[in-house]
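Here are my comments on the model, as numbered points. Please read them alongside the coordinates.

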Amino acid sequence: MTTSVLSDLKIRFSKAIAAAFGAEYANHDPAVAPSKDAKFGDYQCNAALGLTKKLKQKPQDVAAQIIVNLQVDDMFEAPTIAGAGFINLKLKLSYLESQLAKMQKSDRLAIAKVDKPDRVIVDFSSPNIAKEMHVGHLRSTIIGDSIARILEFQGHEVLRLNHVGDWGTQFGMLITYLREVYPDALTKADAIAIGDLVELYRAAKKRFDEDAEFKEISRAAVVELQAGGAEAKLAWQLLCEQSRREFQKIYDTLNIQLEERGESFYNSYLSDVVADLRETGLLQEDQGALCVFLEGFSNKDGQPLPLIIQKTDGGYNYATTDLAALRYRIREDKATRIIYVTDIGQSGHFTQVFQVAQRANWIPETVQTTHVPFGLVMGDDGKKFKTRSGDTIALKSLLEEAVTRARADIETRNPEASDEFKQDVAEAVGLGAVKYADLSQNRTSNYIFSFDKMLALQGNTAPYMLYAYVRVQGIGRKGEIDFASLDADAIKLTQEPEIVLAKHLLQFAEAIDAVSEELFPNRLCQYLFELSQKFNQFFEQCPVLQAEESERISRLSLCDITAKTLKLGLNLLGIRVLERM
């Protein structure tokens, strides 16, 4: 098993810099990156420029001393210096061929697991009980799942948590309303459909906002629930179970694994948050509420902004729950990296929560906390994606529509196929297209949802990736090839399209490393898109089945490694491949 070429190079350049200029430079940034222009080589080191001022030497002289101490002749041709001390490196064909052979023989494409696994928590999806999952939950769910898959592949221990909204004022409000209009829903399982429950929730919210007496009764019902009242607790459990079953249908459709640990789980830890913050001296009373005044946040009058930990009525809010959850994850789950995948609108909230936890010394130096924000899903009109009536689009109906459209396409392209085949292809293509269209965007941006674009066979889409994979399977069927029996050591690269494809295949590990560090799944999507393009160019310019025997085996191996890379890469995005389309 090997590490990525890029990570290996960074280590080698760091050693060369330390050897050339002394141990005090061992941690200097080696500034290694893939070359942006192939005419300069495959990788470039720009460290010399950064060292010039410190060493009081010309960058070209610094670069020359780095090269003298650099050990890369097993991988690269002799390094060259260009411009202001840029060190350029070109991979040896023999190294490329040996690495491809390792990739073909390995079910992990020769990508090593990390030496020191982290204990990672990925907090994602997080819908609210008594509400339908909508298109807004799509982004959190599939971005979180993809990040979890990539970290798991690397060998990290990942706990996938679903922090569902299953506690708070909304339950008092809903229980109070159902007691009036539909008491059976509070005592009998499945007495009401989830769609009806959503409508009743809306009606309860309207009543809560407009009727002061109803609001007071609702708040009393919350107190009853928090105190463990038998009737309120049974009603709460029934509402949770019903929503949970509906959520699970969507998770099953999307092939998402999650462990539910809702807000209610942390209820018994909230008083400890208040007590411990009081002990640190951070907690202050303000107009009857207990708060922590934040650094760097101010109100419109320029006064420090308070983060409310306990409200005037003794209740708690999201910040209290998130602080309790953060402490539990560090102390009980022993997490060393905690990742929160929520919409960009919550960025300020998490900055505040992390600040309070840091100032209270609850986050050890060994623990990394990260908010992974994402933008909105937009309609063609550039506004937030909604139905014509202005309602948020239910995720269930959106996924069904994707599969229906993919089915219509397969009906026109392959009308003779069996119903079972058509439905299988429709589900893989439709669901894969929705996931890929989202994941291929820079997650911090808003994106326009378009079935036509995401289901297109051309462009940076799931169908384009799937078709490249299917193309390789078609070559295998046509030539009656057993890819598993190919001699991987027979790979010989002679033509430019072969070399271009081979170099890109070697960068797969780099794409995975980039996502695990930066948490942008679109980096992997872009890699797979470029891989599909380079494979199609290779296939068009280099005959495979018609080639001479030695070339034929080598090119079949290139096809096989490409297919394996596409399959693994798409799997890390939560997308399954097809053998035929």
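1. Helix H20 (residues 549–572) is mostly covered, with 17 of its 24 residues buried, where buried means under 20% relative accessible area with a 1.4 Å probe, protein chains only. Helices (H or I, at least four residues) and strands (E, at least two) are DSSP runs, numbered from the N terminus.

2. This is a predicted model, in which local features need pLDDT of at least 70, side-chain atom pairs count only at pLDDT 80 or more, and totals for chains, interfaces and linings use all residues. Residues are numbered from 1 along each chain as its sequence is written, and side-chain values use heavy atoms, leaving out hydrogens and water.

3. The length of H20 agrees with expectation, because 24 residues at 1.5 Å a residue should span 34 Å and the end C-alpha atoms are 35 Å apart. The expected span is 1.5 Å times one less than the number of residues. After H20 comes Gly-574, with a positive phi near 85°.

4. Strands E8, E9 and E10 form, in that order, an open antiparallel sheet; pairing requires at least two DSSP bridges between two strands. E8 (283–286) and E10 (304–310) are the edge strands, each with a single partner, so one side of each lacks a neighbour in the sheet. Neighbouring strands are turned by 55° against each other on average, direction ignored.

5. Four bridges join E8 and E9 (residues 289–298) in the antiparallel sense. Leu-283 has Val-292 in E9 as its bridge partner.

6. Helix H10 (residues 270–280) packs on the sheet and touches E8, E9 and E10, its direction making about 135° with that of E10. Contact means heavy atoms within 4.5 Å. Helix H12 (residues 347–359) also packs there, touching E9 and E10, at about 105° to the direction of E9. Axes are lines fitted to C-alpha atoms, for helices over the stretch in contact, and angles run from 0 to 180 degrees between N-to-C directions.

Notes:
Buried < 20%, exposed > 50% of the residue type's maximum accessible area, 1.4 Å probe, protein only.
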